[in-house]
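Here is a short report on one protein chain. Look at the fold first, then read on.

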Amino acid sequence: MLYTFSRSQYDVQQLEELLAQITEQDMILLWQDGVLLPLKYPTVFQDNHHYCVLENDVIARNLQYYFSTENTLFSLISLTALVKLTEEYFPQISL
């Protein structure tokens with residue numbers, strides 16, 4: 001499944017519970033205001049998952065430094081890569 005997070009406001013306990021349900025076969029995408037989540041809740045986003053972050057949204061919010069290539073937990077992806085993700089991971093769950 002593809003889990004997409006587009007909001008920046010989540011109850012931290014609810015967010016932890018959601019992420020605990022995600023398996024290795026699933027993908028997590030942070031986009032729109034969801035790219036702010038790792039900054040707001042850094043302890044929630046740990047190494048047990050790999051996260052994709054939409055590059056356009058990162059640039060729009062001037063967060064390139066935070067999501068630099070040194071931060072291997074997050075992969076910046078283009079809109080083209082997002083389309084491929086939606087083809088590969090089905091169904092999509094928007095949170």
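## Terms and model

Two strands pair if DSSP finds at least two bridges between them. Helices (H or I, at least four residues) and strands (E, at least two) are DSSP runs, numbered from the N terminus.

This is a predicted model, in which local features need pLDDT of at least 70, side-chain atom pairs count only at pLDDT 80 or more, and totals for chains, interfaces and linings use all residues. Residues are numbered from 1 along each chain as its sequence is written, and side-chain values use heavy atoms, with hydrogens and water left out.

## The sheet

Five strands form an open sheet in the order S4-S3-S2-S1-S5, with parallel pairing. S4 (74-77) and S5 are the edge strands, and each pairs on one side only. From one strand to the next, the twist averages 25°. Axes here are lines fitted to C-alpha atoms, for helices over the stretch in contact, and angles run from 0 to 180 degrees between N-to-C directions.

Start with S1 (residues 2-5). Four bridges link S1 to S2 (residues 27-30) in the parallel sense. Phe-5 stands opposite Leu-30 in S2. Between these strands the chain passes through helix H1 (residues 12-20), and this β-α-β crossover is right-handed. That term means that, with the strands pointing away from the viewer, the path from the first strand over the helix to the second runs clockwise. S1 also runs parallel to S5 (residues 92-94), joined by three bridges. There, Leu-2 stands opposite Gln-92.

## Two faces of S1

In a regular strand the side chains alternate between the two faces of the sheet. In S1, Leu-2 and Thr-4 point one way, and Tyr-3 and Phe-5 point the other. All four are buried (under 20% relative accessible area; exposed is over 50%, partly exposed in between; 1.4 Å probe, protein chains only).

## Helix H1 and the cores

Which residues of H1 are buried? They are Leu-15, Leu-18 and Leu-19. Seen down the helix axis, the buried residues of H1 fall within an arc of 95°, so they line one face. The arc is that of the directions from the helix axis to the C-beta atoms.

The largest nonpolar core has 21 residues. Such a core is a set of buried Ala, Val, Leu, Ile, Met, Phe, Trp, Tyr and Cys residues joined through side-chain atoms within 4.5 Å. H1 gives the most to this core, with three residues. A second, separate core of nine residues includes Leu-2, Leu-29, Leu-82 and Tyr-89.
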